[in-house]
Structure formats: structure tokens, C-alpha cells
Amino acid sequence: MWGVLCNESELVPVETEVDPETSAADNPLNGRSFFHLNGYSVTGSPTENALIHLALLAGVNVVDLRNRFPIRRIIYRSEKQNYMITLHDVGRANEFLVAVKGNPLEVLNLCRRQVRNGKRVPLSDQDRQAIEKENERLAGMAMRVLGFAYLSSSKRIIFGREGELKNHPIWLGLVGMVDPLRPGTRELIDTFHRAGLDTVMITGDQPTTAYAVGKALRLHSDEELQILDSTHLNQMNFEVLSALADKIHIYAHVSPSHKLQIVQAFQKKGRIVAMTGDGINDGPALKAADIGIAMGHTGTDVAREVADVILEDDRLETMVVAIAQGRTVYNNIKKSIRFLLSTNFSEIWTVLIGTLIGRGHPLNTRQLLYINLISDILPGLALALEPPEPDVLTRPPRKPKEAVLDAKEFEGIFFESMVLAVPSLALYVYGLSRYGMGARTNTLAFMGLSTAQLLHTFSCRARVPVLFSSRPLPKHPFLTLAVLGSLTLQGAVILFPALRNFLGLTPLSAGEALLVGGGGLLSLAVNEFRKSAGGGR
């Protein structure tokens with residue numbers, strides 16, 4: 001009875017039930033869960049819905065009971081009192097019912113008497129100890145435990161300034177409920193840990209309940225699970241709270257303002273904070289977090305409006321997909337930049353060194369532009385669309401202020417560009433010694449450089465060796481087509497006289513074609529070997 005009265009869940013006839021699959025913006029439930037039973041759809045918070053569910057299964061006529069004792073006033077849980085109070089009319093002048101629901105120990109502390117075998121009897125110290133022990137037992141089973149009390153009086157009911165009840169209600173008992181973990185949640189937490197992400201639970205539940213849930217989730221990984229009771233968090237120095245941030249896995253007895261303090265404490269330590277939430281009280285913390293993540297289906301309007309990311313399906317597994325895709329996009333940008341810089345630098349080396357050792361330029365302007373046309377566009381786009389690498393979720397997160405390319409990576413780009421230029425320069429020297437300065441020599445330099453650049457696309461797919469790796473990368477048909485298409489465009493300059501004459505090229509013999517292909521493969525092998533030796537990143 002009392003779980004039904006001290007309750008804000010609403011009962012709606014099934015025929016007017018709201019479809020849960022409608023979008024969050026169009027769903028009038030707006031952040032509340034629901035179920036339907038005995039001809040009614042019940043909407044409200046999961047905890048209060050569970051109490052209604054229990055009453056309906058017990059055969060209680062919930063609608064009739066609420067009509068008999070309508071709510072006159074509600075005093076909500078606050079930072080100073082972790083319980084809810086409802087004041088009800090009973091149909092008689094100057095007589096009221098008061099229902100109290102909340103933290104078992106706080107509700108128990110209000111009471112002086114209890115109901116036992118249908119009678120009101122004094123609440124002894126021994127009784128209190130037994131109740132506290134039972135509360136601990138239920139909480140240790142990962143149950144959310146609520147204490148209930150009531151007051152029926154024709155006398156004046158006194159409330160304090162903060163809405164606290166000055167009268168002493170009568171203790172009724174405890175209700176324990178299990179909020180079962182979603183299938184796969186523990187594995188999801190393990191995935192976060194492998195990805196280098198620390199997980200912290202912030203809950204209003206009792207420490208014992210929170211500890212049991214945290215242990216089941218393995219929030220602590222291989223460390224000892226640390227929990228902080230946030231009851232007196234307001235009195236804690238912010239510097240102390242910030243110092244504890246790296247050690248605490250669970251914050252229990254948390255109020256709405258505590259969530260904001262906890263987020264700011266992690267940020268003070270230089271951590272990047274992603275906060276998930278769905279309620280109105282989560283708004284300030286979601287707004288302050290570096291990444292605020294709201295539930296799209298069950299989240300309130302406030303939570304969705306201040307969040308940076310909205311999970312439309314309310315599945316935390318979606319975050320894993322988002323992390324993998326985010327890291328992949330960033331990695332692909334680095335791959336494309338590395339490819340473009342190394343290939344363009346190789347052109348600089350070829351022209352610069354070739355000019356110094358020859359009697360002219362190894363490549364003319366038109367040839368350089370054509371090389372850029374076939375090597376930069378399609379291969380560069382293909383690298384930008386590279387699928388996730390197998391180990392993308394086992395790497396640690398990058399530092400926020402980390403440069404896209406650091407000094408070691410620039411060193412690698414410099415080395416790769418020199419290697420790419422070697423086949424072209426070698427063929428250029430070969431052409432000078434055999435044919436002298438002319439179209440045939442330019443053609444050898446042109447084909448040698450463009451072939452090496454196009455094959456270098458495969459090496460840029462990963463920071464680990466692609467050719468000498470026991471863990472093959474995911475198939476990427478578009479990249480293969482891009483390289484083959486660019487090689488086709490490269491061959492077209494030899495096959496079509498008009499294009500060949502425009503670029504100042506000439507046909508090559510079969511032996512020279514083999515030298516061109518061999519030089520490109522050799523440069524690819526050298527760059528891959530350097531990565532396998534620990535020189536690539």
C-alpha cells in the first residue's frame with residue numbers, strides 16, 4: 001500500500017499506451033520507463049514502477065487505493081534528506097496520511113515505533129540493529145533497498161524549513177529490489193578497460209549495494225575496488241577530492257550536486273571525462289563533462305539538450321562502436337597525411353638530386369602534375385576510408401594535446417620519401433648512362449617514381465608491417481581498386497600516343513618495365529622492413 005501511495009508512477013489504460021519505439025522527441029514518457037500489466041501501462045522511474053508492479057502482482061487495486069488517498073503534497077528527496085514524503089487526504093477533516101520512502105537508515109532514524117504483527121510497538125535498539133543488519137544483507141546482494149514508514153494523524157503534522165518531517169513516523173519495513181545487469185554489460189566494461197578507458201560508477205545507492213554491483217561489473221579491473229561514501233562530500237576539500245579521483249571506482253550516496261563536483265575533480269586531474277546520464281539532475285554534470293552522453297529513448301529533454309552525444313537506442317554498446325569509429329577516422333587522417341607528405345617529398349628529392357647529378361631535369365612540370373593526379377587522389381581517398389584495424393580497441397587513448405604527427409613520425413616520413421625516390425633516381429642514372437638526356441630517360445624516372453608511390457599506399461595502411469605481419473588487416477577492396485586504377489592511368493600514358501607526346505614520354509622495353517616494377521616493390525619492402533624493425537609508427 002505505502003509503496004503505491006509514496007509513488008509518482010502513472011497508470012494509463014493499455015489502449016492509450018505510448019509506443020516505446022517512438023523517438024525520444026515524440027515520446028510523452030520523456031525519460032520514464034514503463035511496463036503494462038493487468039490492463040494498465042505504468043510509466044515512471046524504474047524503482048517506482050517496480051513498486052507498482054509488486055502491488056499489482058499482489059492483487060492490490062492501485063487505482064482505487066490512489067483515489068481513496070489522493071496526494072496533497074510531495075516533498076522530494078534532497079541533499080539534506082535522502083527520502084521522499086507524500087501527504088494524503090483521507091476524506092475526513094483535519095486528518096491526513098503521511099508516507100515516507102527512501103534511504104533505510106535515514107527513514108529508520110526518524111522512527112520511534114514500528115508495526116509488528118499488526119500492532120504499533122516501540123522500536124528498541126535491538127530492533128534497530130536487526131533492521132540495519134537486514135539492510136546490509138540485502139544491499140550486499142546488489143539490491144536497491146528502500147525503507148518505508150507512515151504516519152496517520154488528526155494532529156498537526158509539522159514540516160521543517162527544508163521539508164523534513166518533525167513528527168516521528170511509524171516504521172513499516174524494507175523492500176529490496178534487483179536491477180539486473182544487462183546481458184553483456186560486464187564484457188562491455190572489460191572492452192572499455194582494454195581500450196584504455198577507466199570506468200567509474202556514480203550512484204545514489206547505498207555503499208554496500210554499489211560495492212556489490214561494482215564487483216559484479218569488475219569496475220576495478222585487477223585492482224582493489226575502492227568506494228567513497230559521498231554523504232559528506234560537500235565538506236570535503238576540493239583538492240582532496242581531486243587527489244582521490246584516480247583511486248576511486250565507485251561514488252555512492254551521490255546527490256545531483258555531487259555529480260558535478262566529481263566531474264570537475266577528474267577534470268582538475270587533467271582527465272578527459274565522458275559522463276552518461278538520463279535525468280534532469282544529470283544536466284549540470286553532462287554539461288560540464290568533456291563529452292556529455294544522454295540516453296535518447298529514456299533520457300529527459302534537459303539531458304538531451306545539454307549532451308554532446310545522444311544514444312538513440314540507449315545501448316552503451318553503441319559507445320564502443322563510436323570509440324572505434326572515432327579512433328579509425330583519426331588514424332585514417334594520419335595515414336592520408338603520411339602518404340601525401342612522403343610521396344610529395346619523394347618528388348622533391350627526385351627533382352633536386354636528379355638535377356644535381358644530370359644534365360637537365362629528370363621530370364618536367366607536366367609529368368609532376370600527372371604523377372600527383374594519379375597518386376594523390378584515389379589512393380589518398382582510399383586510405384581515408386580504411387576500415388578499423390584489428391587492435392583499434394586495445395590501444396590507449398591519445399593525449400589531448402598530442403600533435404597529429406610527432407618528431408618520430410616526421411623522421412619516418414623523411415626516410416620513406418628518400419626510399420621512394422631511390423628507384424626513380426636509379427632508373428634516371430641508368431637512362432643517362434645508356435640513352436643520355438632525353439625522353440627515354442625521363443620516362444624511366446617518371447615510371448619509377450609513380451610506381452613506387454602507388455605501391456607505398458599499401459604500406460601506409462597501418463603503422464605495423466603489412467607484408468610481414470602474421471595478423472592480416474581487414475580487406476579493403478576500394479584501396480585495391482584505387483591502386484589498380486591509378487596504375488592503369490599510369491600505363492595509359494605509354495599506350496596512347498597523344499597523351500604520351502603531351503607528357504614527353506616514350507615506350508619502354510619489357511626489361512625496363514621489369515626494372516620499374518622491381519624498383520617499386522623494393523622500395524615497398526624496405527619501408528615495410530623498417531616498420532618491422534621498430535622504425536615505423
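**Aromatic pairs and ring contacts in a predicted model**

Phenylalanine 414 is partly exposed, at a relative accessible area of 46%; buried means under 20%, exposed over 50%, and partly exposed lies in between, with a 1.4 Å probe and protein chains only. This is a predicted model, where local features need pLDDT of at least 70, side-chain atom pairs count only at pLDDT 80 or more, and totals for chains, interfaces and linings use all residues. Residues are numbered from 1 along each chain as its sequence is written, and side-chain values use heavy atoms, with hydrogens and water left out.

The structure has four aromatic pairs. Rings of Phe, Tyr and Trp (its six-membered ring) pair if their centres lie within 6.5 Å; planes under 30 degrees apart are stacked, over 60 edge-to-face, the rest tilted. One of the pairs joins tryptophan 349 and phenylalanine 414: the centres are 5.4 Å apart and the planes at 90°, so the pair is edge-to-face. Tryptophan 349 belongs to helix 12 and phenylalanine 414 to helix 14 (residues 407–435), so parts 65 residues apart in sequence are tied together. Helices here are DSSP runs of H or I, at least four residues, numbered from the N terminus.

Next, tyrosine 370 and phenylalanine 446 form a tilted pair, 6.3 Å centre to centre with 35° between the planes. Tyrosine 370 is buried, at 12%, and phenylalanine 446 is buried, at 0%.

Last, charges over rings, meaning NZ of Lys or CZ of Arg within 6 Å of the ring centre and within 35 degrees of the ring normal. Arginine 366 lies over the face of phenylalanine 502, 4.4 Å from the ring centre. Arginine 398 has its charged end over the ring of tyrosine 330, 4.3 Å from the centre.

Note on methods. Helix = DSSP H or I, 4+ residues; strand = E, 2+ residues; numbered from the N terminus.
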